[in-house]
Amino acid sequence: MNGKTDIMVVGTGAAGLFYALNIPEDKKVLMITKTTVDESDSYLAQGGICVLRDQDDYDSFFEDTLKAGHYENDRASVDVMIRTSPEIISDLVELGVEFEKKNGKLVYTREGAHSRARILYHEDLTGKEITSKLLAQVKKRPNITIIENMTMVDLICQDNRCLGVVANDRAGAIHLYRSDYVVLATGGLGGLFHSSTNLAHLTGDAIAIALKRQIELENISYIQIHPTTLYSQKPGRRFLISESVRGEGAVLYNRKMQRFVDELLPRDLLTKAIHEQMEQDESDFVWLSMQDMGSDVITHRFPNIFKHCLEEGYDITRECIPVTPAQHYFMGGIKVDLDSRTSMAQLYAIGEISCNRVHGANRLASNSLLESLVFAKRAAKDTHDHYEINEVHQATLDLNDYRDLEKLRRDYKTIILDEIERSKVIERIDKA
Ligand SMILES: Cc1cc2nc3c(=O)[nH]c(=O)nc-3n(C[C@H](O)[C@H](O)[C@H](O)COP(=O)(O)OP(=O)(O)OC[C@H]3O[C@@H](n4cnc5c(N)ncnc54)[C@H](O)[C@@H]3O)c2cc1C
């Protein structure tokens with residue numbers, strides 16, 4: 001038994017960190033994370049973060065988000081996300097985040113399916129810039145503690161109320177953390193797939209736990225494939241070639257070096273077109289060319305992509321690179337309301353693991369960091385406004401259920417993939 005804290009946050013990506021920073025300092029926040037603090041998808045975000053530049057852009061930002069999401073988005077969630085975006089950007093700037101500027105003014109870029117340039121960025125390392133600055137602030141807060149290499153394996157629950165978290169450390173020891181509130185900020189589930197841009201340890205554990213604990217899920221078969229990742233025969237994570245590369249003018253070629261598609265289509269449509277082209281070409285990839293941007297733009301605007309491709313043997317200032325689609329993002333997840341409350345009392349879910357249907361059936365580029373931060377802040381406010389001490393402590397657990405971590409991992413993977421398949425079948429029946 002590890003005693004009791006006020007609030008447990010599972011996950012130290014942008015969502016978890018921003019939530020913790022928005023909790024008043026009189027509450028003790030304990031954060032656990034599966035590996036090290038800097039190993040989250042939030043660190044990997046390249047392209048940027050969307051913002052409402054001015055009121056004139058509201059309608060087109062709203063429409064672009066809905067169109068990309070096949071109009072399956074929750075309109076209230078989209079409205080909250082867009083309207084709150086300027087406030088979130090000013091919070092970030094206050095916390096020390098630096099976005100690209102020219103003559104003292106913010107510079108905006110454009111990505112696929114955006115009708116206007118409304119994305120703020122920091123080189124091609126926007127996620128690292130945001131998340132590392134959030135982490136630096138969290139480290140200064142005396143009320144927040146982070147424990148690394150601690151994996152949540154279950155929730156402690158009773159009568160549909162969350163009482164805490166069961167976790168395993170690297171040595172296999174089981175830890176029980178009791179708390180007034182638990183916040184799930186565990187990111188996506190790309191680690192379950194053979195080919196993904198996500199970090200391998202992001203395996204959607206919270207989804208398996210939610211299924212086990214009858215916490216409501218939503219749209220869990222809505223999984224986004226990113227159209228352009230660097231093709232490689234090596235095993236492991238796929239390296240993303242950000243949408244903003246195409247937004248800045250990169251073009252796609254088929255085997256005969258002919259353009260075959262509008263490069264700025266929404267992700268799902270572009271992925272479909274690339275898959276069709278690959279089939280026609282009998283190839284595992286298509287070509288992407290950035291050369292027309294010129295080497296100055298490439299090395300200044302996309303230094304990380306330039307460096308990585310060079311390490312893989314491609315000089316993108318002079319030659320095309322092979323690209324192929326890979327799993328990228330999870331639009332579905334643990335069902336939440338506008339304040340990120342789940343169907344279980346004292347339990348919130350934020351960031352990629354949550355689903356308030358803001359993205360509908362397909363996420364618009366650069367809406368994810370924004371969504372994570374907007375709804376993490378709302379969850380923190382809701383926790384504060386309605387704070388309730390958890391008086392229930394009875395839940396009993398059989399710790400033997402958690403001794404064999406490898407088996408648990410396998411079981412959770414099967415539970416999630418089976419549920420995704422099951423929900424695809426239901427979807428097909430519903431649409432028939
Ligand atoms: C390559 C790449 C590029 C991207 N580019 C962009 C972009 O330009 N713009 C944009 O808006 N979005 C982008 N995204 C998406 C965006 O980065 C993520 O959706 C977002 O950062 C998710 O934040 P999060 O806090 O929910 O999860 P994450 O940042 O993934 O953090 C999840 C945390 O949960 C922890 N965790 C997981 N399971 C457990 C467990 N069982 N126990 C304990 N801890 C656990 C992990 O260790 C990690 O700390 C990109 C994603 C990738 C992969």
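The structure is a predicted model, in which local features need pLDDT of at least 70 and side-chain atom pairs count only at pLDDT 80 or more, whereas totals for chains, interfaces and linings use all residues. Residues are numbered from 1 along each chain as its sequence is written.

Around the ligand there are 42 residues, of which G11, G13, G47, G187 and G351 come nearest; a residue is taken as near a molecule or strand if its C-beta atom, placed from the backbone, lies within 6 Å of it. At least two residues of this shell are supplied by each of α1 (14–21), α2 (41–44), α5 (126–140), β8 (150–158) and α11 (368–385), where helices (H or I, at least four residues) and strands (E, at least two) are DSSP runs numbered from the N terminus.

Strand β8, one of the contributors to the ligand shell, pairs with β9 (residues 161–169) in the antiparallel sense over eight bridges, two strands being regarded as paired if DSSP finds at least two bridges between them. Within this pairing M152 has A167 of β9 as its bridge partner, and in the hairpin of the two strands, which has two residues between them, D159 takes a positive phi near 50°. Strand β9 is in turn joined by five bridges to β10 (residues 174–184), and these strands also run antiparallel, with V165 standing opposite Y177 in β10. The hairpin of β9 and β10 has four residues between the strands, and G172 in its turn has a positive phi of about 90°.

A further open sheet is formed by three strands in the order β11-β16-β18, with mixed pairing. Because β11 (217–218) and β18 (354–355) stand at the edges, each with a single partner strand, one side of each is left without a neighbour in the sheet. Two bridges link β11 to β16 (residues 333–335) in the antiparallel sense, and L217 stands opposite I334 in β16.

The protein chain is divided, by bounds from an automatic or database domain assignment, into domain 1 (4–222 + 331–431) and domain 2 (233–327). The contact between them takes 23 residues from domain 1 and 22 residues from domain 2, two residues being in contact if their C-beta atoms, placed from the backbone, lie within 7 Å. On the side of domain 1 that touches domain 2, the residues divide into nine nonpolar, 10 polar and four charged. The centres of the two domains, taken over C-alpha atoms, are separated by 28 Å.

Definitions and conventions: Ala, Val, Leu, Ile, Met, Phe, Trp, Tyr, Cys and Pro count as nonpolar, Asp, Glu, Lys and Arg as charged, and the others, Gly among them, as polar.
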